[in-house]
Amino acid sequence: MNNNLIRELNDHARQSLSSCRVMITQGVQQLERLDEILLAIRQFNNFNTDNDPYGEHDFGKIELFGEIIFWKFDYYDHTLEFGSEDPSNPAVTCRVLTIMLANEY
């Protein structure tokens with residue numbers, strides 16, 4: 001797998017909120033500040049070896065409104081039934097960006 005390509009695909013999907021499906025948990029929805037949360041996730045760039053050991057930009061943590069919010073990517077086949085065989089290949093991968101409160105993890 002090509003971690004650099006996975007990182008580029010993840011960054012594009014997260015920053016544009018396209019080329020992926022976005023799942024938002026009930027806890028995040030109840031905050032009723034989704035626009036601000038999505039903007040913070042799109043602008044996130046605090047990647048380091050502690051939170052991104054493989055350099056794929058597939059997970060992040062933000063703090064807003066007194067809440068800790070996680071976002072993460074998962075990689076599925078296009079039927080969303082199985083994991084993707086190759087997350088670096090968009091032809092066989094559906095990216096799912098999940099946004100959740102830390103206590104929902």
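These legends go with close-up views of a predicted model.

Residue numbers start from 1 along each chain as its sequence is written, and side-chain values use heavy atoms, with hydrogens and water left out. Because this is a predicted model, local features need pLDDT of at least 70 and side-chain atom pairs count only at pLDDT 80 or more, while totals for chains, interfaces and linings use all residues.

**View 1. Helix α1 meets helix α3.** Here α1 (residues 3–16) and α3 (residues 34–43) have axes that come within 7 Å and cross at roughly 155°. Axes are lines fitted to C-alpha atoms, for helices over the stretch in contact, with angles running from 0 to 180 degrees between N-to-C directions. That makes α1 and α3 roughly antiparallel to each other (the label for angles over 145 degrees). Look for R14, Q15 and S16 on α1, and I41, R42 and Q43 on α3: these make the contact (heavy atoms within 4.5 Å).

**View 2. The open sheet.** Four strands line up as β1-β4-β3-β2, with mixed pairing; two strands pair if DSSP finds at least two bridges between them. Helices (H or I, at least four residues) and strands (E, at least two) are DSSP runs, numbered from the N terminus. At the edges sit β1 (21–24) and β2 (59–64), each pairing on one side only. From one strand to the next, the twist averages 20°.

**View 3. β2 beside β3.** β2 and β3 (residues 67–76) run antiparallel and are joined by 6 bridges. Spot F59 opposite K72 in β3.

**View 4. A helix on the sheet.** α3 packs on the sheet and touches β1, β2, β3 and β4; its direction makes about 135° with that of β2.

Definitions and conventions
Parallel < 35°, antiparallel > 145°, perpendicular 65-115°, else oblique.
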